[in-house]
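Good morning. Please have the sequence and the model open; I will talk about pairs of side chains.

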Amino acid sequence: MNIPLEVVAILYGIAVFFAVIAGIALFHSSKAKRSRESTWLFDKWEIQLYNAIFGNKEPLLIGKKIGMDVEKYTHNCKLIHQAERTKQVIVDKLCGFTIVAIGCIVGIIVRNPIVMVVGLIIAFPFIALPIHFVESAAEKRRFIVSEELPRFLDMLYTALIMGFPVDQAIELTAQNLKGTILSEELLKTLAETKVGAFSWQEALERLASDYGVDTLSDFVLDITNAYKLGSSITDSVARKSKDIKQSNLVAMKERASKLTNTILFPVLLFKI
């Protein structure tokens, strides 16, 4: 079946149109956030399109149907202190799927696999990148927290030796480590305890649960158990500081080994 080139051009024109509109909209959104101006015709077009298609349906249900883990996405947005854009991401993914479908249909019609590949390339930023950027930023934040923890424990140990209560020692240590992600999160967490929302144990447990960093979770578990059992928190902090330093050293060696293998593989391939 021979399809006129005009039909193919129209179909791909539609795909390119969606791609260009989405790209310009993303650019305008970022510009509007900086200038606080939002008068463009297509401002928030993803939300308008979502409401037009799905109405008042929860993004959580729609996200599951298209293979998006909405809970994980919103959790990562909260972790990096970024406003969640669930509806926008869903619409971006649907646009990507539409471009893939158009590319496959046109590729089958004209019997040219290159057309399908081009469709996949155009659709990839819509399907994968919005979620990838958030996940990457969250993982980076978790890694930084795990790297900052040993230094925090060393200073916390000093504060405990001086006789400060646990919550005051944690707050004092965080204040002296300003500029780090861990101190920022701890100060915000301890502020919740001052208004009576949580005890300092519950606040630390919530923080450890949000980040999901093993070393941070172990540290919080150790000091809360020591506090409940009436054992020495200072000894617990000293022991945990030593354990974390050893585990970080092992992890560093593993990363160095993986990096060496990554570098050697292309060299070996080039030699072959």
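Glu185 and Lys188 form a salt bridge, with N and O 3.5 Å apart. By salt bridge I mean a side-chain nitrogen of Lys or Arg within 4 Å of a carboxyl oxygen of Asp or Glu. This is a predicted model, so local features need pLDDT of at least 70 and side-chain atom pairs count only at pLDDT 80 or more, while totals for chains, interfaces and linings use all residues. Residues are numbered from 1 along each chain as its sequence is written, and side-chain values use heavy atoms, leaving out hydrogens and water.

Where do Glu185 and Lys188 sit? They are three residues apart in helix 9 (residues 181-194), so about one helical turn separates them. Helices here are DSSP runs of H or I, at least four residues, numbered from the N terminus. Glu185 is buried at 5% relative accessibility, whereas Lys188 is partly exposed at 41%. Buried means under 20% relative accessible area, exposed over 50%, and partly exposed in between, with a 1.4 Å probe and protein chains only.

Next, Lys240 and Asp222 meet in a salt bridge at 3.6 Å, N to O. That pair links distant parts of the chain: Lys240 is in helix 12 (residues 233-271) and Asp222 in helix 11, 18 residues apart. Lys240 is buried at 10%; Asp222, at 23%, is partly exposed. The structure holds seven salt bridges.

Note on methods
Helix = DSSP H or I, 4+ residues; strand = E, 2+ residues; numbered from the N terminus.
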